[in-house]
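Hello,

Here is the structure I promised to pass on. Please have a look at it first, and then read my notes below.

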Amino acid sequence: MNLQRTIKSPVTIKGIGVHSGKAVQMKLKPARPNHGIVFVRTDVKGSPRIPAHFLNVMNTQLATSIGCTRASVSTVEHLMAALAGAGVDNVLIEINGPECPILDGSAAPFYQEILAVGTEAQLRPRTVIALRRKVEVKINEKWAVAEPSSKLEIHASIDWDHPSIGFQEYAYVDGVTPFSELASARTFGFLREVEALKRMGFARGGSLDNAVVLDDGGVLNPTGLRYPDEFVRHKVLDAVGDFKLAGVGLQAFVRLHRAGHDLHSQLMLTIFKDPNNFEIVSGLDREEEREPAHVRAALSRGFAAAF
């Protein structure tokens with residue numbers, strides 16, 4: 001049986017937000033089965049809860065932000081990717097600011113903290129979404145194609161007119177590719193854009209300690225890159241985090257080109273707006289039993305009703 005999982009004990013993580021530049025503290029706490037991943041803004045009156053779900057995505061400019069009517073949390077993608085890599089389904093995240101800490105610009109510090117306390121199985125089966133037919137999204141030169149698969153597979157490519165990047169591609173297969181090969185790939189940006197971004201309210205906490213920074217000639221970080229293809233690996237990491245916002249596991253073979261948070265969000269919306277695109281697969285051994293037809297239909301209508 002494929003069981004849900006939570007963390008064994010609380011985890012406290014401190015840092016600064018890459019865009020806000022503000023200090024922030026998060027506490028990850030174990031949560032009951034079927035709770036999902038939920039943020040709580042402890043610094044806002046009433047401590048509003050924000051479920052980590054694609055329907056709660058409010059902004060995808062340079063990061064993924066989720067929110068409700070009273071509060072939001074931005075730059076959730078690296079933490080969400082770490083939770084996906086560690087196989088965590090249920091966790092309560094108390095956060096005292098509007099943005100997750102950037103740490104070193106990757107998911108590795110989150111992932112390592114989760115592994116340090118460990119995870120435990122819960123006596124409830126996982127439910128996953130299995131794609132039933134091909135779904136495509138295109139935004140200018142960016143595109144995404146999702147097709148049926150028995151697991152989550154992401155094949156991403158990027159093409160940047162820069163001597164340190166150029167054309168890169170990377171394939172990740174959930175349960176096959178070690179998540180550690182993605183976890184430490186850092187976010188990146190260009191020096192020529194920094195001042196403009198700061199005037200717009202972004203990158204106020206950015207530095208060589210939490211991002212790969214490039215000028216026109218190459219990488220400015222003294223230690224260089226962690227991988228020759230670190231740029232595309234980070235793009236796949238972002239996709240893993242954004243797809244974790246499905247709220248349940250996603251089974252699909254996804255090909256991405258020049259993708260970003262906006263494309264990931266649009267792909268999720270396109271998949272779930274039509275119940276014929278997917279089916280609900282029981283958490284019992286995925287090849288042995290699927291939800292009864294009437295249950296599957298009701299759940300599918302529930303997804304579609306949100307549109």
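This is a predicted model: local features need pLDDT of at least 70, side-chain atom pairs count only at pLDDT 80 or more; totals for chains, interfaces and linings use all residues.

Residues are numbered from 1 along each chain as its sequence is written, and side-chain values use heavy atoms, with hydrogens and water left out.

Let's start with the sheet. It is open and mixed, with five strands in the order β2-β3-β9-β4-β5; strands are DSSP runs of E with at least two residues, and helices are runs of H or I with at least four, numbered from the N terminus. Two strands pair if DSSP finds at least two bridges between them. At the edges are β2 (11-16) and β5 (49-51), each pairing on one side only. β2 runs antiparallel to β3 (residues 23-30), with six bridges joining them; I16 has A23 as its bridge partner in β3.

Helix α1 (residues 77-85) lies across β3, β4 (37-41) and β9 (91-95). Contact here means heavy atoms within 4.5 Å. Helix α2 (residues 108-117) lies across β2 and β3.

Now the core. The largest nonpolar core has 72 residues, and L28, F39, L83 and F179 have the most contacts inside it. Such a core is a set of buried (under 20% relative accessible area, 1.4 Å probe, protein chains only) Ala, Val, Leu, Ile, Met, Phe, Trp, Tyr and Cys residues joined through side-chain atoms within 4.5 Å. Leaving aside residues up to four places away in sequence, L83 touches L28, I37, V88, V91, I93, I114 and K244.

Best wishes

How values were computed:
Buried means under 20% relative accessible area, exposed over 50%, partly exposed in between (1.4 Å probe, protein chains only). Axes are lines fitted to C-alpha atoms, for helices over the stretch in contact, and angles run from 0 to 180 degrees between N-to-C directions.
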